[in-house]
Every structure is written in C-alpha cells, then in structure tokens.
Amino acid sequence: MSDNLTLPTQQGSTDTPSPEPLLQVEGLTKHFPIYGGFPIKRKVGAVQAVDGVDLTVGVGESVGLVGESGCGKSTTGRLITRLLEPSAGRITYSGQDITHASRRQLAPVRSEIQMIFQDPYSSLNPRQTVGTIIKSPMEVNGINPPGGREAKVRELLELVGLNPEHYNRFPHEFSGGQRQRIGVARALSLNPKLIVADEPVSALDVSIQAQVVNLMQKVQEEMGIAFLFIAHDLAVVRHFSQRLAVMYLGKIVEVGDRDSIYNAPRHPYTHALLSAVPEVEIEDEGPARERIRLSGDVPSPIHPPSGCRFRTRCWKAQDKCATEEPPLVQISGNRPGHLTACHFPEDPTTEPRDEDVILDPALRALESDAEDGPADKK
Ligand SMILES: Nc1ncnc2c1ncn2[C@@H]1O[C@H](COP(=O)(O)OP(=O)(O)OP(=O)(O)O)[C@@H](O)[C@H]1O
Ligand code: SF4
Ligand SMILES: [Mg+2]
C-alpha cells in the first residue's frame, strides 16, 4: 500500500456532475510482437506500446492525452479509432462494445469517430482538390446532405476559416495551418461526435498553433463534439482540455480535471512535464516554477522497468517502486476524479522547490564534480 491514504475509485466517478460517457476505454493494451530467429521465425518479445489504459471521454467533453515521444499516445488514438486491433481491454462507444467489431459492425459508428493527424502535409492527397478531399468521406459513407455535397463542403470551408472559393485548389496552394484547417473540415464532414486529434498542431509554427487550437475549441464548444486531444506537452492543451490524462511508457500515471493537473499535480512526472513548459503560467500571480530536468530518454517499451515504470527517472524513487506497480487511485488530498499512480506522490502544490531536481544519476554526479572542482584536484 502507498504511504498515503488511498481511496480506490473508478475513474470518472466524481462528485461533480460529469458528462455522460461517450467513450470508455478499460484495460486497453497493444503489444506489437517482435519476431526473430532463423530459419524459422518465432515471437521473441513484444513492444508494450499501450499497457492497460483506462480512459473516459464524456459527450461533448475535451480530454487531453499528454506524454513524451514514444509513450503510446498515437497507438492509443489508433486503437480507439479502430485503425489498430487491441491486444486486450475493452472499448465502449455510446454503450456499444466496439473492441473487436468487424468492419460491418463498425459501420454505424465509423462516421461518428473521426481522426485528425499530426502532419497536414502527408495526410492530404496532393493530387486531389480540397473539395474532393473534404467531400470524399461523404461519398464513401453515401451521405447526401440537404443542398448537396458541394454546398456542404463550401459551408465547412467557411466554418474553418477558409475561402469557399478555394474549393478547386490543391493542398500545395495552402500553408501548413490552412492545411490543418482542411483536415478539420474533412473530419467535420460526417457530423462526428468524437474527434481524436493526434498532435494536430505540433507540425505548425508556434504563431499558427493557437489559431488552429482555437478553431478546434470553437468546434468543440459550438458543435458539442467531444475531443481526445493528443499532445506531447501540457502547454498546448491547457486552455482546450477540461480533463487531462498524463501518459508514461504505455500507462496513464495521472488523470484529473484541468485545475487539479495544472495547480495540484501529484505525480512526479506531471511535475516534470509542467516544469518543462516555461510558457505555462501556473498561477497568474504565483511564483515561477522551478525547472526539473527530465534527462534521459523514455526507457524501451520492450523491457519496461519493473514496478513503477517512471522509477529510472524519478527523484523520489525508493525500493518499493521497483517491486510494486502503483495503482491509479484517488490519493489523499486529491479531488474526486483526480487519480494518481504513485507510491510517494508530490505535495499538491506548484510552489518552487528549494533546489533544482536533477534526475539522471550520472548527470547528478557530473554536476557535483563540477561544483567540487575537477576530480584530479581533489
Ligand atoms: N506498428 C508498430 N510496430 C512496432 N512498434 C510500434 C508500432 N507502432 C508504434 N510502435 C512503438 O510503440 C511505442 C509507442 O509509439 P507511439 O507512436 O504510440 O508513441 P507516441 O506517444 O505517439 O510518440 P510520438 O510523440 O513520438 O508520436 C513506441 O516505442 C513505438 O516505437
Ligand atoms: S511510484 Fe515511486 S518511482 Fe514511481 S513516480 Fe512514484 S515515487 Fe517515483
Ligand atoms: Mg504519436
């Protein structure tokens, strides 16, 4: 057991009214097999890309999924949109189990779940006009909106801030930000209820990012579309997401409402992610956060660390962290619905620490050498 009082609770079971669940993910797992051997190939291991993820997205709710590169965010998004087949777990959409639904069984919900991809350059067919690109999901699904498909495309172009007269232009005639708007228009063409947006602005200039995020926020608020917004840092999703899930090496390590995650984070990894984002002002009048240098890469998902997967980079790690995996629970001091997977959580504060935290033991040794002077002089 954790040294803190833990109150086992179901994710999403909050005292505050939460939207009716649209998407529920339980124990979602994707292990990509690795084959080796000669002359007969056999399974020699697996990339544990996603390992037991629980996540809920309510009707019309925007949820951010945040974590460093390689932690399994895109795989989670692709599992939810059923572009990938899960190894285990359950995906329930609008009360229907779609975990292993066939193409035919998926057809009724296929149009309701759309995806926006990271790269606005490769995700649009360069040989098709914008009109054809936005129209094609309607053609594939046999949808004939009142007034016709072309009128609907022009309406969507206007909605996303593009000139409807540009219907016959090709993607190369648009900037990156405009192309991502085309991607949004395409996703909207089937009146979706859920959009999984996989790092939709990370390929764009910083100056353009806010415009595209604002567009999606407008779509979410005005059209009541739920979003799972994937990002690698907490700055991008700050204003957009009502709830956030922080992911590390295939697992959700902390989840909660926006205020809990930004102003009372408990997991050391969330603290590190917040400190790594200088433009995030935690409190308007509050003190500046200390920087935590989260050095070293995310360990390999082929051989993840035992116990807590974050322990090889955690400044609070103790023996227990290597032997017992911390459960994702509501720990003492957390609001309902704010769950943390940590045996020795941080205080729920954003006050600066007394000293900088240096995570990598080798880096720590180097820095103390530098402070003490060169080793050969000692
Ligand atoms: N088809 C695949 N076969 C084998 N391994 C894969 C496959 N797709 C992803 N992976 C591995 O799964 C892990 C998670 O990848 P994923 O793309 O989901 O991470 P991510 O969080 O989206 O990272 P990024 O921020 O770089 O996009 C990585 O180690 C990746 O190499
Ligand atoms: S369980 Fe241990 S290693 Fe993992 S985050 Fe908490 S203190 Fe760090
Ligand atoms: Mg990704």
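## The nonpolar core

Of the 80 residues in the largest nonpolar core, Val66, Phe227, Leu228, Ala245, Val246 and Ile252 touch the most other members. Strand 9 supplies the largest share of this core, 6 residues. A nonpolar core here is a set of buried Ala, Val, Leu, Ile, Met, Phe, Trp, Tyr and Cys residues joined through C-beta atoms within 7 Å. A residue is buried if 20 or more other C-beta atoms lie within 10 Å of its own, exposed if 12 or fewer, and partly exposed in between; C-beta atoms are placed from the backbone.

Val66 has contacts beyond its neighbours within four places in sequence: Ala231, His232, Asp233, Leu234, Val237, Leu244, Val246, Met247 and Leu273. Two residues are in contact if their C-beta atoms, placed from the backbone, lie within 7 Å.

## The model and the chain

This is a predicted model: local features need pLDDT of at least 70, side-chain atom pairs count only at pLDDT 80 or more, and totals for chains, interfaces and linings use all residues. Residues are numbered from 1 along each chain as its sequence is written, while chains are lettered from A and ligands numbered from 1 in the order in which they are written.

The chain has 378 residues, and 40% of them count as buried. It holds 10 helices and 15 strands. These are DSSP runs numbered from the N terminus: helices are H or I with at least four residues, strands E with at least two. Among contacts with a separation of 6 or more, 67% join residues 24 or more positions apart.

One open sheet has 7 strands in the order 7-8-9-4-10-11-14, with mixed pairing. Its edge strands are strand 7 and strand 14 (339-340), each pairing on one side only. Two strands pair if DSSP finds at least two bridges between them. Strand 14 runs antiparallel to strand 11 (residues 251-257), joined by 2 bridges. There, Thr340 is the bridge partner of Glu254.

Strand 7 (residues 113-116) and strand 8 run parallel, with 4 bridges. Met115 stands opposite Val196 of strand 8. On to strand 9 (residues 226-231): strand 8 pairs with it in the parallel sense over 5 bridges. Ile195 faces Phe227 in that pairing, standing opposite it. From strand 8 the chain passes through helix 6 (residues 206-223) to strand 9, a right-handed β-α-β crossover. Right-handed means that, with the strands pointing away from the viewer, the path from the first strand over the helix to the second runs clockwise.

## Inside strand 8

All 5 of the 5 residues of strand 8 (residues 194-198) are buried, so the strand is largely enclosed by the rest of the structure. Leu194, Val196 and Asp198 point one way. Ile195 and Ala197 point the other way.

## Two ligand shells

Ligand 1 is surrounded by 13 residues; Phe32, Ala49, Ser69, Ser74 and Thr75 are the closest. Strand 3 (42-58) and helix 1 (73-80) each give two or more residues to this shell. Helix 1 gives the most, with 3 residues. A residue is near a molecule if its C-beta atom, placed from the backbone, lies within 6 Å of it.

Ligand 2 also has 13 residues around it, the closest being Cys308, Arg311, Cys314, Cys321 and Cys342. By class, the shell around ligand 2 has 9 nonpolar, 2 polar and 2 charged residues. The shell around ligand 1 has 5 nonpolar, 7 polar and 1 charged. Ala, Val, Leu, Ile, Met, Phe, Trp, Tyr, Cys and Pro count as nonpolar, Asp, Glu, Lys and Arg as charged, and the others, Gly among them, as polar.
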